[in-house]
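Please open the structure in your viewer and keep the sequence beside it. The stops below say what to select and what is there.

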Amino acid sequence: MRLVNHEPNAVDLRTIPVHLGLGSRAKPVEGFIWEPEVLQAYSAAVATDGAEGRMVMIFDGDGPGDHWESHPAGDELVVCLSGSVTVTRDVGGVPDRVVLGPGEATINPAGVWHVVDMQGPTSILAITASLGTDHRPRTDTRPTEHLGTPGPQEAP
């Protein structure tokens with residue numbers, strides 16, 4: 001995994017996320033995969049950006065999300081590019097759902113647990129605080145106990 005300072009070519013946000021950092025810097029993250037060692041290397045590489053760092057990535061999918069997540073360092077913007085997505089937040093033990101169609105967006109506030117369910121083939125763009133994201137397996141309708149491992153960012 002490495003941050004690229006100046007990428008002159010097109011970047012596929014489905015396979016290469018872009019890190020937005022302090023000083024209005026945008027750096028593609030080459031070699032990024034959802035594995036603990038890479039997540040740790042990414043966290044270390046962007047640590048100086050603190051809570052202001054953001055990861056930008058596109059996710060394609062179809063079906064229910066398999067985990068809850070929370071971003072304690074900052075809000076997350078989720079934009080539906082195509083298809084339909086339901087974002088469910090756990091707000092004080094009460095599910096708060098918003099359905100998004102193409103071109104619509106929602107904001108998951110910092111620290112609020114949420115899960116994303118895609119209805120049919122769907123693409124979303126996520127702009128996520130990259131510091132300290134936490135995950136919990138989706139075993140019920142809400143995140144009842146902490147079983148996940150903190151990481152810089154995962155699918156919304």
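A residue is called buried when its relative accessible area is under 20%, exposed when it is over 50%, and partly exposed in between, using a 1.4 Å probe and protein chains only. This is a predicted model, in which local features need pLDDT of at least 70 and side-chain atom pairs count only at pLDDT 80 or more, while totals for chains, interfaces and linings use all residues. Residues are numbered from 1 along each chain as its sequence is written, and side-chain values use heavy atoms, with hydrogens and water left out.

Along the sequence, their order reads β-β-β-α-β-β-β-β-β-β-β.

Next, select Ser24, in the loop that runs between strand E2 (18-21) and strand E3 (25-30). Ser24 is not a glycine, yet its phi is positive, at about 60 degrees, and with a relative accessible area of 75% Ser24 is exposed.

Then turn to the largest nonpolar core, whose 11 residues include Met57, Phe59, Val78 and Leu100; such a core is a set of buried Ala, Val, Leu, Ile, Met, Phe, Trp, Tyr and Cys residues joined through side-chain atoms within 4.5 Å. At least two residues of this core come from each of strand E4 (54-63), strand E6 (76-91) and strand E9 (113-129). Finally, select Phe32, Val38, Leu39 and Val46, which are among the 7 residues of another core lying apart from it.

Methods. Helix = DSSP H or I, 4+ residues; strand = E, 2+ residues; numbered from the N terminus.
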